[in-house]
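Me: Can you help me work out where the terms for this protein come from? Here it is.

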Amino acid sequence: MATDAPSQHSLRTLLVTLALVLGASSVAAAQDEDEPDPRGGDAEPSVPAQTAYVVAVSTSDELEPVAARVGAAARASLRRIDGVRWQQPDQAYLGYTDFMMQRLSRGRERLEAGRQAYLNLELDQAVELLGGAIDDFDVAAPALEDPQDLGDALLFLGASQTFAGQSRAARRTFERLHVQMPHIQPDPNLFNPDVLQRYEQAAPRGGASAGLTIESEPPGAVAYVDFVPRGRTPVTIDGLMQGVHNVRVTRPGATPFVQQVELRRGASEQVNAFLEDVEATSGLSDAVQALATADVEEMQGGPIAEIAMLLELDTIGLIRVSPGGGGASVQLELFVYDVSTGRRVLRMHGPAPTAPGELESSVQRLVASGLEAAFRPQGQASDTETIPAFQTDVTPPDDGPVDGEPAFYEQWWFWAGAGAAVALGVILTLVLTSGGGDDLGSDPGGQVILEF
């Protein structure tokens, strides 16, 4: 027993050393996790303050409605990038005013307050706030590319009217929701059966049998019915529900046309929209249309430069929408240009599904990752390179690290674990060589064998 004492003492000493090593590794890891990564890490990307905008065009007439959805999704993504000045070019391109933007902001504030009043069962206050929010959204329709806020306001207003005993008013509110935004429905986990029943009872009878023809002067404008792009004017849309529909006709740089149109079952109506270009952006629509057929290698000196000048941009992005594999997908190409040098600094391409929601999600990922890469110094073209080789798919592969996230071998936990493993190996070797290593085992050739 006496001969085993030195080895047991050595083992205890080395185990204490191991504990200290592992403890130091944990403290260092915690400090590294709390301190900002000098390479960026998980922090929000820093974007230099500049004026930027993204436009979308289609290479075929059949894809015009898809290109309009792509443009709206690209603008939604651009608005979420910190450091980018987008509002001035957005107003010039879509044709809305400061007053409309103010009403849009007030409508969102009223929506939030009205939703909270409904949840607090303050029904009279909820009806007043939510009705005011809907009025604000209707006034700001040219700036309201995503109707989700309006749909939520109608949904909570109808629920508030139902609880307040305003049955006829609730029916009219839910009728509008059925006609204009049937994809927005009350959540049974949030609304009680009375609200669900009132919503179902408000559905228009007779099916979708109404029609609408939209013409414009000048022709070739994008026509929206209930916030959904339907194509370029003149266009006829069949299979609409009876009721009041929201019609919006737009062209870049022109004051948009907005009108509420009531359709009767089995009947057709016609809308004639007159669009007047704003003097400061005269020619913008023609320049945007030219991008659909312009040669990729010659765009920066022609329509791209003209659009950038009219919108007073530092950086301009272009997304071209082309046919993909069947009607379920399209091909997207994103080009980003630096206006001061006239150089194309980035090109990305890849497929995207056309299903509602999936297309918008793909476009927003494309724009966010593309502009982040373009704004980085290493993503900019050099003085001698006008066409960089940056190309990638819209959807990053699942088997690689997320863009901007360090690889596993760059993470603190990887190196902390590796250091601990090395320390453990050294300690075990010292234990074995100090005697008393029979408990671990060894072979005649001197190889260490760990038995578990």
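Reply: Helices (H or I, at least four residues) and strands (E, at least two) are DSSP runs, numbered from the N terminus. Heads up: this is a predicted model, where local features need pLDDT of at least 70, side-chain atom pairs count only at pLDDT 80 or more, and totals for chains, interfaces and linings use all residues. Residues are numbered from 1 along each chain as its sequence is written, and side-chain values use heavy atoms, with hydrogens and water left out.

Me: What makes β1 and β2 a pair?

Reply: Two bridges join β1 (residues 50–58) to β2. The cut-off is at least two bridges, so they count as paired. The two strands run parallel, and Thr51 has Arg85 in β2 as its bridge partner.

Me: Why is β2 called an edge strand?

Reply: The open sheet has five strands in the order β2-β1-β10-β11-β12, with mixed pairing. Strand β2 (84–85) pairs on one side only, and so does β12 (343–353).

Me: How do you know which parts to trust?

Reply: Check pLDDT, the predictor's confidence in each residue, from 0 to 100. The protein chain averages 77, but helix α1 (residues 5–34) has the lowest mean, 40, while helix α5 (residues 123–139) has the highest, 96. Over residues 1–46 pLDDT stays under 50, and over residues 379–418 it is below 50 too. Where pLDDT is low, the predicted coordinates should not be read in detail.

Conventions: Contact = heavy atoms within 4.5 Å.
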